[in-house]
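Hello,

Here is the structure I promised to send over. Please have a look, and read my notes below once you have it open.

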Amino acid sequence: MAANWIWLVPALPLAGVLVNGLLGRRIGKGGVSVIGPGMVGAAFAVSLWLFLDLAARAPEARTLSQNVYTWISAGDFRASVAFLVDPLSATLMLVVTGVGFLIHVYSVGYMHDEDRRGFARYFTYLNLFTFAMLVLVMADNFLLLFVGWEGVGLCSYLLIGFWFKDRANATAGKKAFIVNRIGDFGFLLGIFLMFGAFGSVAFADVLPSAATVLDAGGPLAFWICLFLFVGAVGKSAQIPLYVWLPDAMAGPTPVSALIHAATMVTAGVYMVARSHALYDMAPAVLAIVAGIGAATALYAATIGLVQTDIKKVLAYSTISQLGYMFLGVGVAAYAAGIFHLVTHAFFKALLFLGAGSVIHALHGEQDMRRMGGLKRALPVTYWTMLAATLAIAGIPPLAGFFSKDEILWRTWDAGHPVLWAIGLATAGLTALYMFRLFFLTFHGSFRGTGEQRQHLHESPPSMTIPLTVLGALSVVGGWIGIPPAIGQTLGGVPNAIESWLAPVFADAHAEGAAHAAGEAHAIPPMEYALMAASIAVALLGILAARYLWLTRPELPVRIGLQFRVAATVLSNKYYVDELYDAIVVRPYNALSHFAWRVIDEGLIDGLVVGGTGAVVRWQSRVSSAWQSGAIPTYVTVFFGGVVAILVYYLFG
Amino acid sequence: MTGVAIAFWVLAAVAVLCSLLVITSRNPVASVLYLVVTFFCLAGLFVTLHSHFLAAIQVIVYAGAIMVLFLFVVMLLNLGTPQWFDVATTPLKAVALVLGIGFVGALAAAGVGDFEPSATGPAAGVHPDVLGSTEAIATALYSAYYLPFLVTALLLLVAMVGAVVLARRER
Amino acid sequence: MAFYLTTILFFPILGAVMLAGIPGRNRAAIRQATLAIAVIHFLIALPLWWLYAPGGADYQFVEHVPWIDSLGVEYHLGVDGVSVLLTLLTVLLTPLAVLGSWRYIDHHVKEFHILLLVLTTGMLGVFFALDLFVFYVFWELMLVPMYFLIGVWGGEQRVYAAVKFFLYTFLGGVLMLVGILALYFHHQGVTGVYTTSLADLMAIPVPGELQLALFLAFAIAFAIKVPMFPFHTWLPDAHVQAPAAGSVILAAVLLKMGTYGFYRFAMPLFPEAARQALPWIAGLAVVGVIYGAMVALVQPNVKKLVAYSSVSHLGFVMLGLFALNVTGVQGSVIQMINHGISTGALFFICGMLYERRHTYEIAQFGGLSTVMPVFAVLFMIVTLSSIGLPGLNGFVGEFLILVGMFQNHPWMTGIATAGVILAAYYMLRMFQSVMFGDVEIEANRKLPDLSGREVAVLLPLVALIVWIGVYPAPFLSRTEPSVDRFVERVTRTAGTQPAEVAELDADEAEPPEAVPAGLEGRP
Amino acid sequence: MSEVGVGHYLTLSAILFTIGAIGVLTRKNAIIVFMAIEIMLNAANLAFVTFAMSIGDLGGLVMVLFVIAVAAAEAAVGLAIIVAMYRHRETVNVEAFTAMRG
């Protein structure tokens, strides 16, 4: 029975962690490079097996669960280590283990010049991350999800600061962890409220009874969903808690590919999708989610346009695409959001790995202004990157088009024209900055140093194979979610992912379900129009990019001079980091200093403790003055006492 | 104005004057002599109060014995010459004066001047002269106050031994 | 076996007497002997873990020997779920403390170890005592060895720190003594019998006004020990000056005296007053959490940083106690154990850093990860446990406290939850400046990694950190019945009220009919 | 000049007592202080006699006797001390002797 093997999926990477962690040095780089990827590959195999087992069942019966043991039970609070495999988590398990496996293989090549201890440590952390991500995705209650949530946060901290010799990397890691923690603070409050309302944190208890326990649109539903969304914003780097992702590029590139593109950052989308029953009860929060998603998408795209570091461009692109996913989920098109998550995992991972092989070839050079003309030197990287760039730009028949277009259509269909417009604009911008990156890197003349030119070489097979596989997925990936609008014309091709996820989102809009079922019904002409619009915008973006950065390379410089103010603001990322530092970090440190110096040492130690001491010392000095040994003073006091008593008795 | 009143005022004035001189005079010998005069005035006052026995005791014991002792000590330690250090610092004097005046003022304010105790003692009706006579005191001394009498005797003995021990020159 | 608790209690004293026999010069022999005694002591006490039946009677292994009849004082010992865990924590840490200060203590070695053993007895006495008199004796006994530990083997201003520590706690203790006596005579007023047994004193009703006053007397004494916000300034000084072993025991066990005091004495004895004072104490606890975290951030001295983090962590524990529901209190109890383990380990680590560089200044370190990899791994795990990373012990306690407290006081808990962020901030900042970056200071380049002994000290603690984090059930199940009784006792309105429970109105007027005439006594 | 009553004697006694007290407070010569004390004692005696005669109670008079006896003893011992003081410090200034300082 598949159900009682579920624990194997997270257990395998955990075994990898223990083996590499403890015996890392002894089994040498070879051993580590077998165990690391091997464990994740095995986990992928088991996940695939579970996926197939699920697929074989009837749609309603597609859940496998396994309760390993009761983790915490205190009073009426109970949380257990239990795993739930249903279409949603199965999909994500495949993404995490599949893309994860490819990235592990890629890392063997990318990190081969690390020393033995560093190599083992790297793979230990990578396996630990995979374990934590799987726990997050497969958890059957919010608390275990939170354990995975903070676990991946820890791994991202460790991996960003992997080369900790350079203090900047360590600071970037710390920044990532703390900003994530701010999100987790919100998540925790959401869990507390949820426990207050439902008396449990298990999905089985909370989600089905959401409609009955929470009153739609009520304050409780609003606050639970909002706090959970704060957690998602922290983890998935949306406005305002996105500042850590660009700095997270300090980590090795495969890490950026795995954690900051394909898996961890999508945890927020998964969590919102998973608790869709709650979000359906709080339409106001859904609107916020969609709003922030769209805003982040546009905002990040603008910044991505002017970045010169190749990885920073991809980082802002990721933030932008995540905005898309949240837009999709925000308009209750949960399946579309998850679909975009899957396709994004493919092409964004590929883009990062491609960038990695470019950086690898140029021995660490990340500045696009010193690249160019690498087409001939890195053919495989060139073609796979081209596929990914086309996919992300949303050119049919590649993956990006289907998932992004689905979200745009659903946004329009759900009656959010403004958000649709922003989405469309962002699609154009995405095409623009992606092809800017593409042309600057691969076309034009090589702007690197002569010495780099000799050493230009294609990456070893261990790196190119994952690139090609991901390339294929970027092309093919979209076909699992062909919308009926196209599906029917192509002879009844079903929207596979929609129907696959339907049981999980069964109670989403009835219309959405019907839509997913794909049976023939009148497809509003507007859908075709929007599809055409998004393709047009994408092509426009590509041509503009070609014009600006290939045919007339001096133009961007001139534009930059003309709009100098706008250019500087953009290149400095709207000065958000400096803003946060001024508003939050510096005042907090100052307040802490104040607390320590003034309250602790000054007030309490100084005044109270020191004060009492001083009073006692003063009192003793005064009283000793009276005992001066001079008899007259004694007698005076004596006689003074007599007079006092006399007066008291006579007149008292 | 009866003879007694005149005597009282004269004796009172002299007593006050001499005691003031005792505490203000530079020369200790002069102080001793003024003190003797004061004691005589007091003896006189006792007489006006019909307490003749006590007046005699006052003269014999106080003026005679104690003051002689004082004079003897003053001569022995040749303290005759006025000492520079003698009078206390001004603030102390001020305090003393204030306290003194305060003391007297308080009593005066409390109406000690016109205080008329009611004659309720055991020997209330007896004529003052009889009361003040020697046998009256003697009977009292040997009957009711017999124990204190013995204790005083013992006290005097101890005092004598003490004085001798203290003043002895160490060998 | 009869008098099992007494054997555990006085075994260290026996050991101390044996130690006295060994000539002072022979340091190695003393250290080994003390280690042997401590380990044997641990083995003697360990069976408590299995023998204590959670479902069984309130207090187990009870020993009842009349001591001072005229005062109504009995030598009355017993343990419940909570004191079992705290006892095991104490007996575990003592051998580790001895092992941890192997090279650290170099003068008066014999006196140091004797004092350590006497201190252990003092602490165990407090956990076992079920009689206020016995409790007070051990409460004061515990002070003396700690005072010398700080005063003799401490850092530069050790005398200042030792005196401050002593005065603070002693002042609290004296205040509590007044409380005990007032209660003692009140009990005599009500029942005509003189006794200091906890059970009897809990049975009698205490009128509103007196109850609040007595509660405050106990509460202030324990608040100083916890330490809670305004009374905490002795802790950083005591920690910075104390030697490694002293600091570990101080942090791991002595601080728990305060919270244990609230759990065992202050709240059960005066339930209504505890509920009345709840907003104040919980408020101070929240302030303590935030304030401790903030001040910890800017400490240049790593030991002071950890000390202030203790203030923050114990603010959480106090919050949990006043959640007044089983979840919150369970969290608070398990957090007492967690804090003992993780902060104990942190102070061992501070000690190890001090042994190598003879300084606690964070600026003096940097880039130790490359120089001392084994140390880096253990230090990382302990740091993560301290900031409450899920999967490790800190999270279990912190989460239960917050989820429990949130049900009754959402706003207060909201602020306290922010402490989770601040904790990450100051700990990671410290960890980064000590461990990461390049090795700038020459002296750090040649620092030796952890020796076998040092690893042996940290390993059991790290194992416990992971065990409680992953599988806390055995700990929680042991304390659950005792916590149930505690919560039932504190939340029940006026003890003697008849069945239909009229909510005790907060004002002072004691409803006459509530207390049956017979028991209406005048103190 | 009206009849001389008890009040007068008491007032006189108070005045004498105060003078003695001031003497004790202000003079630093042990002998003078001693004499001032004698004045205070006599003032007390006067008050005793006055009350004894006016109330008609022999106790007052007997009391005076005892006071005088005690005064005598006190004078003897006091002067012996002064002699010892003088021999020890060559002076009788009260402030020279501060051994009993607090």
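Which residues in H2(B) and H2(D) meet each other? This is a predicted model, and in it the H2(B) side consists of Pro28(B), Ser31(B), Val32(B), Leu35(B), Thr38(B), Phe39(B), Leu42(B), Leu45(B) and Phe46(B). Facing them in H2(D) are Ile31(D), Ile32(D), Met35(D), Glu38(D), Ile39(D), Asn42(D), Leu46(D) and Val49(D). By type, the residues of this helix pair are 13 nonpolar, three polar and one charged.

As for how the two helices lie, their axes come within 11 Å and cross at roughly 5 degrees. Angles under 35 degrees count as roughly parallel, so H2(B) and H2(D) are roughly parallel to each other.

Stepping back to the whole contact between the two chains, chain B supplies 80 residues and chain D supplies 64. On the chain D side, the elements giving two or more residues are H1 (6–26), H2 (30–56) and H3 (58–89). H3(D) gives the most, with 22 residues. That side of chain D divides into 45 nonpolar, 14 polar and five charged residues.

One more spot to look at is Leu189(A), which sits in helix H5 (residues 167–198) of chain A. Leu189(A) has 24 C-beta neighbours inside 10 Å, so this residue counts as buried, the cut-off being 20 or more. Leaving aside neighbours within four places in sequence, Leu189(A) is in contact with Phe227(A), and also with Gly414(C) and Thr417(C) from chain C. Leu226(A) is 37 residues from Leu189(A) in sequence, yet their C-alpha atoms are 9.8 Å apart in space.

Best wishes

Note on methods
Residues numbered from 1 in each chain as written. Chains lettered and ligands numbered in written order. Predicted model: local features only at pLDDT ≥ 70, side-chain atom pairs only at ≥ 80, totals over all residues. Contact = placed C-beta atoms within 7 Å. Helix = DSSP H or I, 4+ residues; strand = E, 2+ residues; numbered from the N terminus. Nonpolar A, V, L, I, M, F, W, Y, C, P; charged D, E, K, R; others polar. Axes fitted to C-alpha atoms, helices over the stretch in contact; angles between N-to-C directions. Parallel < 35°, antiparallel > 145°, perpendicular 65-115°, else oblique. Buried ≥ 20, exposed ≤ 12 C-beta atoms within 10 Å, placed from the backbone.
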